[in-house]
Amino acid sequence: MNANKKKISIMIPCYNEEENARPIYEAVRAELQKSLPQYDYEILFIDNKSQDKTRDIIRGICAEDKKVRAIFNTKNFGQFNSPYYGLIHTSGDCTIPLCADFQDPVEMIPRLVKEWENGYKIVIAKKTSSKENGLMYFLRGCYYKTIRKMSNVEMIEQFTGFGLYDKSFIQTLRDLHDPTPFIRGIVAELGPERKEIEYEQPRRRAGKTHNNWYSLFDAAMLSFTSYTKVGMRIAEFFGFGIAFLSFLIGLFYLIAKLVAWDSFVPGYAPTMIAVFFMGGVQLAFLGFLGEYIMAMNTRIMNRPLVVEEERLNFDDQNPQEQ
């Protein structure tokens, strides 16, 4: 009977989610069975080397329910690679990535599926408000607006990756072979016509967020280097501007010295200010240049997204690299 049903894949990335792993599984299963009984489904957990009891909990769930699959990574491969790897290892007619901490509302699954059945290959969920830290929400909004203005690709504001992706787009993700994938940018750049659904992001159910300032900065730099040229363009224009300004200042000092050779003494202050200012500018833009070079270097090395340690409830039990 299940062979005639369309299949929905729910992909849940995890890292130290022992308090949320079983509740999110139970909530997703209940929602699918209640609201979408006409569909087959699978739930795929991908664990990014949790240091708590998350893996033990997922093993127990997999033993109880053969519709639940799991991939365990050999180490923490970061906030982008692991969820992306999970997406391309789903087998459903559509895939919905869902955060384990309940900040992606489970009750939105039927709404996403409804728009998919209306013909949209991608249905994305956009935050209109959030119950998270107000300052963080404001800063995220500024970040999205900045990227959108600077990027040569139309970027999607307040989109975290939560949504529904048809299997045809999942195949596009498989074919990319990008070792540093940024799903938000890929959806904007390569995705077909999409439907946007607005929602309010709830608070994290339990546990602490694993996003810190460094991880947020890492995300910002990945989007900057992947989808904008603005860093290098600013460096060029700023360099030309400083060079022109330095030429004018040098010309002024030359004329002033020639006119008042004995009385004009510029002193060391302007020289020291200019040296430290230019040194700071150069270091800043060398750092920006380094970000672009690191992004290119990672892509050139073409390393696998993740390396598997173990997989559960797959037909092929041998770990794969992708």
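**Figure 1. Salt bridges of Glu196 in the predicted model.** Glu196 pairs with Arg194 in a salt bridge whose closest N and O atoms are 3.2 Å apart. The model shown here and in the other views is predicted. A salt bridge also links the side chains of Glu196 and Lys126, with an N to O distance of 3.4 Å. Lys126 belongs to strand β5 (residues 122–130) and Glu196 to strand β7 (residues 194–201), so this pair ties together parts that are 70 residues apart in sequence. Glu196 counts as partly exposed, its relative accessibility being 34%.

**Figure 2. The salt bridge between Asp93 and Lys167.** The closest N and O atoms of Asp93 and Lys167 are 3.4 Å apart, and the two residues form a salt bridge. Asp93 is found in the loop between α3 (78–87) and β4 (94–97), whereas Lys167 is in helix α6 (residues 167–176), so the pair ties together parts that are 74 residues apart in sequence. Lys167 has a relative accessible area of 47% and is partly exposed.

**Figure 3. Helix α6 and the residue that follows.** Phe169, Ile170 and Leu173 are buried residues of α6. Viewed down the axis of α6, its buried residues fall within an arc of 105 degrees, so they line one face of the helix. Just after α6 comes His177, with a positive phi of about 55 degrees. His177 is a residue other than glycine, and it lies in the loop between α6 and α7 (183–190). With a relative accessible area of 56%, His177 is exposed.

**Figure 4. Helix α4 and Gly119.** Helix α4 (residues 109–117) has Ile109, Leu112, Val113, Glu115 and Trp116 as its buried residues. These residues cover an arc of only 160 degrees around the axis, which puts them on the same side of α4. Gly119 follows α4 and has a positive phi, near 120 degrees.

**Figure 5. Backbone at Asn313.** Asn313 is not a glycine, yet its phi is positive, at about 65 degrees. Asn313 is placed in the segment after β8 (308–312).

**Figure 6. Nonpolar surface patch including Leu248.** Phe244, Phe247, Leu248, Leu251, Leu254, Ile255, Leu258, Val259 and Trp261 make a nonpolar surface patch of about 980 Å². One of these residues, Leu248, is in helix α9 (residues 230–259). Leu248 has 38% relative accessibility and therefore counts as partly exposed.

**Figure 7. Cysteines without a disulfide.** A disulfide is a covalent bond between the sulfur atoms of two cysteines. Zero disulfides are found in a search of the whole structure. For Cys14, the closest cysteine sulfur is that of Cys99, and the distance of 9.8 Å is too far for a bond. The cut-off for a disulfide is a pair of cysteine sulfur atoms within 2.5 Å. Cys14 is buried, at a relative accessible area of 4%. Cys94 is also buried, and its relative accessible area is 0%.

**Figure 8. Overview of the chain for orientation.** The protein chain contains ten helices and eight strands. Of its 322 residues, 44% are buried. Taking contacts between residues at least 6 apart in sequence, 82% join residues at least 24 apart.

Technical notes:
Residues are numbered from 1 along each chain as its sequence is written. This is a predicted model: local features need pLDDT of at least 70, side-chain atom pairs count only at pLDDT 80 or more; totals for chains, interfaces and linings use all residues. Side-chain values use heavy atoms; hydrogens and water are left out. Helices (H or I, at least four residues) and strands (E, at least two) are DSSP runs, numbered from the N terminus. Buried means under 20% relative accessible area, exposed over 50%, partly exposed in between (1.4 Å probe, protein chains only). Contact means heavy atoms within 4.5 Å. Patches are made of residues with over 30% relative accessible area and no salt bridge: like charges are joined within 9 Å, nonpolar side chains (Val, Leu, Ile, Met, Phe, Trp, Tyr) within 5 Å. Accessible areas come from the Shrake-Rupley method with a 1.4 Å probe; for residues, only the protein chains shown count as cover. A salt bridge is a side-chain nitrogen of Lys or Arg within 4 Å of a carboxyl oxygen of Asp or Glu. The arc is that of the directions from the helix axis to the C-beta atoms.
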